[in-house]
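Subject: Handing over the structure

Hi there,

Here is the structure I promised to pass on to you. Please open it next to this email, and read on once you have it in view.

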Amino acid sequence: MYSLLLDSSNTSLAVGLEKEGQLVAFTAYEAWQRQSEHMIPEIDKILNSIHVKREDIDKIICAIGPGSYTGVRIALTIAKVASLCLEKPIYPVSSLRILKDDDKPSICLINARSNRSYFGVYKGNEIIIEDTIKTNDEVKEYISSHPDYSICGDARYLGYENKDTNVGLQMISLLKVLKKADNDLAVKPVYLKD
């Protein structure tokens, strides 16, 4: 059986399939304001490319935010419809957590606009700082006081180089710590903005 991996929480979209701990198919690319047009066709392409039927999916792992208000809702809506139609569980995951570096502590960032950042800090599977929203100045101060940490996500808006992450592989690496949603249709997106 396969796990369907979905993320559209930022400017790109990512769709993948996992089987027995291996990423067997994956695509990710920039699709800003076009994720809703591309995600379902990408799911179909991936399924068809390795001759997998929808019925072969046994779980859906979905990034639920923080991130783009509309982007977060796209993947989650598709995950909920797939969960309902296939009667398969959703495993929600933080959009920041899937950006982390497995090799060292990670400052994970997504541009929240208006001089703010979505911010979370992780070390392996440990959460050092829960997902939150900070001003860009607060983020820069934290980065400067933790020079040995990886900066993950697209940090170019802050003037930093970032470590690229394969979100599909990260979703798989988190399978052992992710929990099934109590109620798949009640999974809520995480926005953090007021």
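Below I go through what was found, one region at a time.

**Before you start**

This is a predicted model, in which local features need pLDDT of at least 70 and side-chain atom pairs count only at pLDDT 80 or more, while totals for chains, interfaces and linings use all residues. Residues are numbered from 1 along each chain as its sequence is written, and side-chain values use heavy atoms, with hydrogens and water left out.

**Helix α1**

Which residues of α1 are buried? They are Q35, M39, E42, I43, I46 and L47. They cover an arc of only 130° around the axis, which puts them on the same side of α1; the arc is that of the directions from the helix axis to the C-beta atoms. Buried here means under 20% relative accessible area, exposed means over 50%, and partly exposed is in between, with a 1.4 Å probe and protein chains only. On the face turned away from the buried side of α1 you will find the exposed residues E37, K45 and N48.

The buried residues of α1 pack against β1 (2-7), β2 (12-19), β3 (22-30), β4 (57-63) and α2 (69-86), where contact means heavy atoms within 4.5 Å. After α1 comes H51, which has a positive phi near 55°.

**Strand β4 and its neighbours**

Next, have a look at β4, which is mostly covered, with six of its seven residues buried. β1 and β4 run parallel and are joined by five bridges; strands pair if DSSP finds at least two bridges between them. To find this pairing, look for S3, whose bridge partner in β4 is K59.

β4 also runs parallel to strand β5 (residues 90-93), with four bridges joining the two. Here A63 has V93 in β5 as its bridge partner. The chain crosses from β4 through α2 to β5, and this β-α-β crossover is right-handed. That term applies if, with the strands pointing away from the viewer, the path from the first strand over the helix to the second runs clockwise.

In the loop between β4 and α2 sits P66, and the peptide bond from G65 to P66 is cis, with omega near 10°.

Within helix α2, take a look at A75. A75 is buried, at 0% relative accessibility. Not counting residues up to four places away in sequence, A75 touches L6, D7, S8, M39 and C62. Between A75 and A63 there are 7.3 Å in space, C-alpha to C-alpha, and the two are 12 residues apart in sequence.

**Aromatic pairs**

How many aromatic pairs does the structure hold? There are three. Rings of Phe, Tyr and Trp (its six-membered ring) pair if their centres lie within 6.5 Å; planes under 30 degrees apart count as stacked, over 60 as edge-to-face and the rest as tilted.

One of them is the tilted pair of Y69 and Y191, 4.7 Å centre to centre with 35° between the planes. Y69 lies in helix α2 and Y191 in the segment after α4 (167-173), so the pair ties together parts that are 122 residues apart in sequence. Y69 is partly exposed, with a relative accessible area of 49%, and Y191 is partly exposed at 23%.

Another is formed by F119 and Y142: their ring centres are 5.2 Å apart and their planes at 85°, so the pair is edge-to-face. F119 lies in strand β7 (residues 116-123) and Y142 in helix α3 (residues 136-145), so this pair ties together parts that are 23 residues apart in sequence. F119 and Y142 are both buried, and ring pairs link F119, Y142 and Y149 into a cluster.

Finally, R113 in strand β6 (residues 106-113) has a positive phi near 65° and is partly exposed at 37% relative accessibility. S114, in the loop between β6 and β7, has a positive phi near 50° and is exposed, with a relative accessible area of 63%.

Enjoy exploring!

Best wishes
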